[in-house]
Amino acid sequence: MEGPGPPAPRGACAEAGPAAGSDVGGPGPLTGDPEELKQGSVLFLGGNEVKSSAVVKYSSAPPQAAFARLQEKTDLKLPPANWLRESAKLGPAGTTILGNSKKSKLFSSFGMAYDFIDSVGNDVDVVSDSENIKKLLKIPYSKSHVSMAVHRVGRTLLLDELDIQELFMRSSQTGDWTWLKEFYQRLIDQKWQRKKKSKEHWYQKAILSKFLYYSINGDGAAQPVPSTAEQHHEDPAPDESDEAGRASWPAPFEMPSSVSEDPGSSNQGSVPLEPSYVVGHVASAPKEQNLSTLFNDGENSQGLKNDFVRNILWTFEDIHMLVGSNMPIFGGGRYPAVSLRLRDNNKPINVLTGIDYWLDNLICNVPELVMCFHVNGIVQKYEMIKTEDIPNLENSNFSTKVIKDIAQNILSFLKSNCTKEGHTYWLFKASGSDIVKLYDLTTLCEETEDKYQNPFTMPVAILLYKVACNMMMKKNQNKKHYGTIRTLLLNCVKLLDKARHPQIIASANYMLSELFQLDEPKKEGAEFPLNGNSDESYSEEEEEMPDSDENGSYSTSSDPPDDNKAVAVIKSVGELSVPEKYKSIHQIRPSCAFPVCHDTEERCRLVLSYVLEGLKSVDSSIKKDGDLPAADPNTPIPLKYEDESTSGGPECLEKQMALFLDKMGSFQKDKHSSQSGMIPGSWQYKMKLQLILKSSKAYYVLSDAAMSLQKYGRALRYIKLALQCHDTYCCLCTNMPAEVLLFLCQCLTLCGDIQLMLAQNANNRAAYLEEYNYQTKEDHEILHSLHRESSCQVFAWATDLSTDLECQLSVSCKCYEAANEILLFSNLKKQNPEQHTQVLKRMGNIRNEIGVFYMNQAAAVQTERVVSKSVSTAEQQLWKKSFSCFEEGIHNFESIDDATNSALLLCNTGRLMRICAQAHCAAGGDFKREFSPEEALYYNKAIDYYLRALRSLGKREMHPAVWDSVNWELSTTYFTMATLQQDYAPLSRKAQEQIEKEVSEAMMKSLKYCDVDTESARQPLCQYRAATIHHRLASMYHSCLRNQVGDEHLRKQHRVLAELHYSKAVKLFQLLKDAPCELLRVQLERVAFSEFQMASQNSSAGKLKTLSGALDILIKTQCAFLLIRKELLAECEQINEDVKSNDEKTPPGDSSSNLNKDEVIKLLSIFESRLSFLLLQSIKLLTSTKKKIGGSNEEEEVLKTNKQVYSLLLRATANKNVTLLARIEVILNLLEQLTQNSEADKTY
């Protein structure tokens, strides 16, 4: 409204200070020392402290005008000149301010609730007209009837006057509310008839109106008007009020009687609540929804307008109320505001009037009352009364403490019994009765043929919806209130007819789905407290508690049978004055806790159920023009599945991928239309987009959860549904938001992960296929809604379950590539670097997998190739495919600086080069095998890749395991190449010396990358490899020394190198506990090397020294024989245990031991022959030396021992029936004797 001064906006304290005094005729205005009125002050009234504070949330009134004291003998029966006219002092709301407003409307509390939605459901206990509040608090003092409608929203109660007289009069004309009229006549008042108001009532109302207009009249003179005019002004009042009353009772879904409203009062500054995630405003529903005209024009439509002059947040003791008041407030007196009353001097003020005045002043925070007394309309005198003195007036004494008790008892009674949100309760007290009854009109209405006859249904549903919207909009909303929001929305949906209100139902279901946060960390058990919000609303599914308190006051057991329809009864209004007679039991009811979903699938299924209901509402509201054939909801949509043999393979996949990317690129250009005929921009269009996107996210989360459970078939089915939802979204959306494109990347990435897992777990393909083909009814119905808009086949290439491993890997790769393409062309790469990094990492990984797949196929082909000596074309193609994948993967990892994975792929590429090298080996033939140039080429390429891998890592600390692995592979490559060159020397192309040089260099490089010192699981392998290398080098130099003639310096060098490598090989083999044969072989070669040296010696002393050294070598093989004996004994024990337990005997070749018995027998025979030879040569030399120069005692002992050992050895070798273990024992005994003799020699 507009007035002389700008009104304060809602939500602010708008009550202004006193206006300047006016120079009206007659005595001047009452004056005094103005004191600032403090909002929220505590008043001490009647000796009893009653806490009361009031904050004006909104006021449409201009600053208070000072009232004029009327001259005595002023005749109030005569109308003033300004009567019922607008005034600059009053603004266009003058008639309302001066008390001539129409009576309280049926939905007045809803109008306030819509304007102050923040307060509803949480902070405020009661929302109502001040007249209704006063009527309730006067119940124990008054014999008049009380009839009010009560609604509950959260912890807030909405109270509205329910005028039975007017209601039933309307019922006889429109046919509405007949069920209530019949119920009323049957149980309450069988002889109901309309009661007309007396002429006295209209007379008192008319002179009050004239008095107030006189009080602000500019010239202060009573200007009589002709009697005809007077009649004209006075008579219409009843009709006007009556007509207004009729207009306040709209039919449930019909056009109500219209009443012209002042255009200036149509909008009171409220802003409709439009959550960003709820499409449109609920009041913007199209008219074909058959909504009542009440809602076609928004919340300010007839009957739902908040047309109170003031909306006040009044706190009375511990009760918080949002109250609407039209009481006229004037300036003047010692305070900035006073209320003005007119009283008949012949009628003393009674308690009801005193309470009325006192509550009005408390509610409006007016500190003073000015009373004008008249006799038959003639002004007599004025009297000023302070608000705190009103309870002590003569003939009007009442206790403010009792009023407080009444308020608390009534609130507790209502909160304890008005428990169901969305239900309309009727609080009724008959005239002259002391019994107050509470009925549930919603339950009574549901027993009738049309349960939507209750005209409160729509306003309540809208309010529940708006409160839920408001709570959802608060970003910092604590999740403990999610239970309240869910209950509000469920009750809203329950109240509405799906056919009539599809928009609200769709929006409510969407918000219900939004309550479940799908992207939260999975800590379901701690998401929402089970017992919070004891004072919050609760779900309609919850079991009601008995309506009784500790005093049994709510029990209806002793009520007469007529009262069995009442929810609760107050047997005597006098009980309301007893302190804490009615204690609210609402806090012991179960709170409306948000359902705790301990399982991700359960949470997503709830979301999908709400999404489905929303989609059904949207689809049902779209006019069908025969554009779609009707689908049978009981016939499942077949899931496409075909064997890979019937599809086009990778080539077909490439085409599908290209088509998909073309479509993705066209989003920014083309406009997409709906097959179902939805109009872009309509609420159906916007809502369906949001619901489809929500369902896509739910299916994505379901797929991710199934993936973590290794249910890959189920995961593929869910991601297929997610992408089908996304396909439909793409068909409808004209401009794809960045966050939706990002989500599509996540879906494609997950789809790629699933296809990769399916490829890696091919053994369970049958189980995965069964999971994939399963479909719930809910999924089918959602798909049916999607198919109204799209064929849902754009992503079929990515979501089909193939039986071919290569195809699955290719699909996985294409999914990652598609995700990467989307990130690139939509410029999301820079905004989401982490997502791009993840996609590139997966692309590198899948290309590695495909490369390994082709590499293994090539290795298999190579193994099967027996006859052909040349490499096949198919084999070469596999190499190229594998190499290409590895190269692309390396590029992916290098682009994100992933050194570790780059090194692994370089390592795999090196392995591929080694496979290529092996493939070029000659398959066999008549000619001698030689190390080919192709082998050398590929081995060198492998070495290059391994070296690149090491450079990529930089140092071992980067990733020790990968570093050690690359070093081992590099060492293996050098060793393999050197071994092949040594075993199959390419003498046709190179000189022996060059080959020996290359072998030596390769072996030394292999040693360089073979880490024998670092403790790890691979250390024994490294030690064995190093020992083998030293053994091979020693053998090579030994061979060179045997075959070389001439250059003595070179021979000496070879002899030194051979001795060096033999000694190093022995040391390393001695560290190993599982290589006794290798140790024995090296020692025997050393003996042979000594024998070769001895052959070139001429002096007996030199030969004897060499012989002694050779025997020492043989003596040192004792540790190898001990290991062999240990393994043989363990094998015998195992056989004996098997025999005892009647198990099958383990064949010698199948022993768990790593010992090669044939090799042991062969080496043992060589050992025996060499020991025999050395002992014999030693005996001969010692004997000849003794004959020539005479031997020392030492030599005699050696000779004696050698003869003895030689004799025992000959006897042992002569017996061919001795077991291997016995032969080993003999050798150990002989070596033990030689060891003792050798130690004795050293002591001399």
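Colleague: Which cut-offs define a buried, an exposed and a partly exposed residue, and is Phe-743 buried or exposed?

Modeller: Buried means under 20% relative accessible area, exposed over 50% and partly exposed in between, with a 1.4 Å probe and protein chains only. This is a predicted model, in which local features need pLDDT of at least 70, side-chain atom pairs count only at pLDDT 80 or more, and totals for chains, interfaces and linings use all residues. Residues are numbered from 1 along each chain as its sequence is written, and side-chain values use heavy atoms, without hydrogens and water. Because its relative accessible area is 6%, Phe-743 is buried.

Colleague: How many aromatic pairs does the structure hold?

Modeller: Rings of Phe, Tyr and Trp (its six-membered ring) pair if their centres lie within 6.5 Å; planes under 30 degrees apart count as stacked, over 60 as edge-to-face and the rest as tilted. The number of aromatic pairs in the structure is 17.

Colleague: What kind of pair do Tyr-700 and Phe-743 form?

Modeller: Their centres are 5.5 Å apart, with 70° between the planes. Tyr-700 lies in helix H18 (residues 683–708) and Phe-743 in helix H20 (residues 738–760), 43 residues apart; helices are DSSP runs (H or I, at least four residues), numbered from the N terminus. The pair is edge-to-face.

Colleague: Why is the pair of Tyr-974 and Tyr-1009 classed as it is?

Modeller: Both Tyr-974 and Tyr-1009 are buried. The ring centres are 6.1 Å apart and the planes stand at 5°, so the pair is stacked.

Colleague: Which residues form one aromatic cluster?

Modeller: The cluster is a single aromatic one. Its members are Trp-314, Phe-316, Trp-358 and Phe-398.

Technical notes. Helices (H or I, at least four residues) and strands (E, at least two) are DSSP runs, numbered from the N terminus.
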